[in-house]
Every structure is written in structure tokens, then in C-alpha cells.
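Open the model in your viewer and keep the selection tool at hand.

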Amino acid sequence: MRWLAQPLLTVDHLSMRFGGLVAVNDLSFTVGRGDITALIGPNGAGKTTVFNCITGFYKPTSGRLALAHGGTVAPKAVDALTRSDQRRTHGATPELFLLERMPDHAIASEARVARTFQNIRLFAGMTVLENLIVAQHKTLMKASGFSLGGLLGLSKYRAAERKAFELAKAWLEVVGLIDRADDPAGDLPYGAQRRLEIARAMCTNPVLLCLDEPAAGLNNKESAELTRLLRGIREQTGVSILLIEHDMSVVMDISDHVVVIEYGVKIADDTAASVKNDPKVIAAYLGVDDDEVALSTGGGPP
């Protein structure tokens with residue numbers, strides 16, 4: 001179980017409250033390095049709230065979100081950083097980030113966590129290629145000296161611009177959209193827009209790719225294509241993938257590791273095969289009474 005032996009992200013006792021509403025309650029799990037991990041649960045279980053905490057849209061009420069680049073970090077190193085006022089280690093290998101202390105832009109650029117959204121958020125009026133160039137704006141801005149080099153056409157900026165175009169074109173090849181590079185992104189079919197959004201996220205060179213319901217609205221053929229695409233991305237880049245998904249055929253086909261939550265509480269955390277047959281998971285999705293769960297697990301009424 002790579003998620004235990006080689007964790008990339010460790011979610012430790014995460015809680016998120018909105019006034020009197022507890023959306024996530026003392027949640028702990030890990031995302032393995034190079035794994036595809038699915039976070040599943042019924043509607044309203046708190047899955048997107050977890051994503052929003054990981055990616056910095058929300059600041060958790062409590063808990064720790066530790067992400068390590070380049071190798072496994074000893075628990076003592078995480079504890080030492082937690083006790084300090086820092087949000088990341090400096091000069092250490094592997095580099096360690098405490099995401100709950102970081103603003104969302106730093107989580108994306110420094111910790112290298114990318115995400116897509118449940119509702120597609122492309123720049124519909126820009127071309128397909130331009131959407132991928134925009135994803136590399138920080139690199140291009142640095143190379144331009146924050147605009148001056150770009151205005152003057154300095155060689156450093158021109159080299160960075162060429163590199164950005166090559167990376168964008170490479171990802172368009174991967175997602176099968178190179179022939180639509182000059183078309184407005186809003187003109188693409190729905191499934192192609194989903195693939196473009198994933199390509200845009202990958203242009204940021206993430207170590208962790210968070211996908212919020214990537215198969216939503218896709219037909220069976222498109223879902224199968226998505227599964228092949230995500231497997232290929234993992235194999236080619238080594239990126240770890242954390243996804244929220246309601247399509248159980250996609251989840252069971254692609255996931256190395258599945259975490260199930262209900263009402264913000266973890267109820268299962270194992271391989272896809274084990275989770276699929278877990279009575280608590282079946283009950284959560286089908287609305288089975290607690291007494292029936294107890295009977296199916298060998299328990300019974302007191």
C-alpha cells in the first residue's frame with residue numbers, strides 16, 4: 001500500500017466548520033506518491049470542502065495538510081515544522097509544505113498543487129492554445145521581468161515564450177486537441193473541454209493533480225477515454241492524482257486507493273476492491289439503516 005509507505009500528501013485530523021455546521025470532522029488520510037486516489041461519498045458528504053482546504057480556497061478550522069516533494073518525510077520533521085512559524089522547510093530534501101498555512105496562489109505555484117473544478121472554468125473566448133499559455137503566466141512574467149522584457153522582446157523572454165508554446169502543444173497532443181488549437185475553447189464539445197481543463201492544469205507542472213468530478217456529464221465512451229487519459233498522465237509524468245467522482249465505474253477502474261466519507265467523517269479507506277464490498281459504504285450510498293449494517297458486519301442489536 002504505497003499511500004502508507006510513500007505518502008505525498010498527509011491529511012491529518014482535518015476539520016472544517018461553517019458556524020454551527022461541521023462540514024468535515026477529524027478527517028485523516030494519505031495520498032500515495034504516484035497513486036490515483038479517489039475521495040468518494042454521497043452528495044453533501046464534504047468532498048469538495050476537503051478539496052477547497054487542500055488547495056487553499058478555505059482555511060481549515062483545525063488539522064494539518066502536509067505535502068512533501070521528492071521523498072518521504074519523517075514524522076519528526078513534520079512535527080518540527082508544525083511547531084515553528086514557517087509554512088515550508090528551506091534547504092531540506094525532500095521539501096515539505098504545510099498547505100493550511102499557505103495562500104492559494106502559493107499552494108499552486110510553490111507546493112505545485114493543481115486542480116480542476118466541478119463546473120468547467122475555461123476562458124471560453126480564448127483559443128484552446130491560449131488557455132494553456134495562460135496557465136504558464138507566472139513563468140512568463142518572471143522571464144519578462146514582469147512585463148519590461150516582454151515589451152522589449154528580450155531573448156530571455158522569447159526563449160521562455162517558445163518553451164511555453166512547446167509545452168502547450170505537447171499537452172494538446174496528449175489530450176487529442178492539437179487540431180483544435182486555434183479554435184475558441186467555448187466551441188469545443190463538453191468532453192473535449194474537460195480534457196482541455198486537465199491539460200491546462202498539467203501545464204503548471206504539478207506534483208498533485210486534484211480533479212473535482214472529471215467524468216461529470218460524460219457518456220460511457222468519454223468516461224473510458226478519460227480513464228485512459230488519466231492512467232497515461234500518471235504513467236508519463238508520475239503525478240499523483242486525487243479525484244472526487246460519482247461515476248463508480250471510473251472510480252473502481254482507475255483507483256489505487258479509495259477514501260469514503262459521509263457527513264464529513266471517514267467511513268472507509270482501502271483498495272477499490274475492498275471498499276466496494278464494505279457494508280458501511282453500501283449503506284451510505286443506498287441509505288441502509290444502521291441496524292442492517294451491524295447485522296451485515298456480524299454485529300447485532302444490543
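**Stop one: the cavity**

This predicted model holds one cavity of 30 Å³ or more. The largest cavity has a volume of about 50 Å³. Which residues line the largest cavity? Select Gly191, Arg194, Arg195, Leu218, Glu222, Glu225 and Leu226. The lining divides into four charged, two nonpolar and one polar residue. Two elements, α9 and α10, each give two or more residues to this lining.

**Stop two: the helix pair**

Select residues 190-202 for helix α9, then residues 220-237 for helix α10. Two packed helices are described by the angle between their axes and the distance between the axes. Here the angle is about 15°, and the axes lie 11 Å apart. Angles under 35 degrees count as roughly parallel, so α9 is roughly parallel to α10. Is the crossing left-handed or right-handed? The crossing of α9 and α10 is right-handed.

**Stop three: the contact**

Show side chains on both helices. On α9, pick Gly191, Arg195, Ile198 and Met202. On α10, pick Glu222, Glu225, Leu226, Leu229, Leu230, Ile233 and Thr237. These residues make the contact between the two helices.

Keep Gly191, Arg195, Glu222, Glu225 and Leu226 selected. These residues are among those that line the largest cavity, and they also take part in the contact of α9 with α10.

Notes
Residues numbered from 1 in each chain as written. Predicted model: local features only at pLDDT ≥ 70, side-chain atom pairs only at ≥ 80, totals over all residues. Heavy atoms only, no water. Axes fitted to C-alpha atoms, helices over the stretch in contact; angles between N-to-C directions. Helix = DSSP H or I, 4+ residues; strand = E, 2+ residues; numbered from the N terminus. Parallel < 35°, antiparallel > 145°, perpendicular 65-115°, else oblique. Left-handed = near helix turned anticlockwise from the far one by under 90°. Contact = heavy atoms within 4.5 Å. 1 Å grid on protein atoms, 1.4 Å probe; cavity = no way out; pocket = protein on both sides within 12 Å on 5 of 7 lines; lining within 4 Å. Points joined across faces, edges and corners; volume = space filled by probe spheres on them. Nonpolar A, V, L, I, M, F, W, Y, C, P; charged D, E, K, R; others polar.
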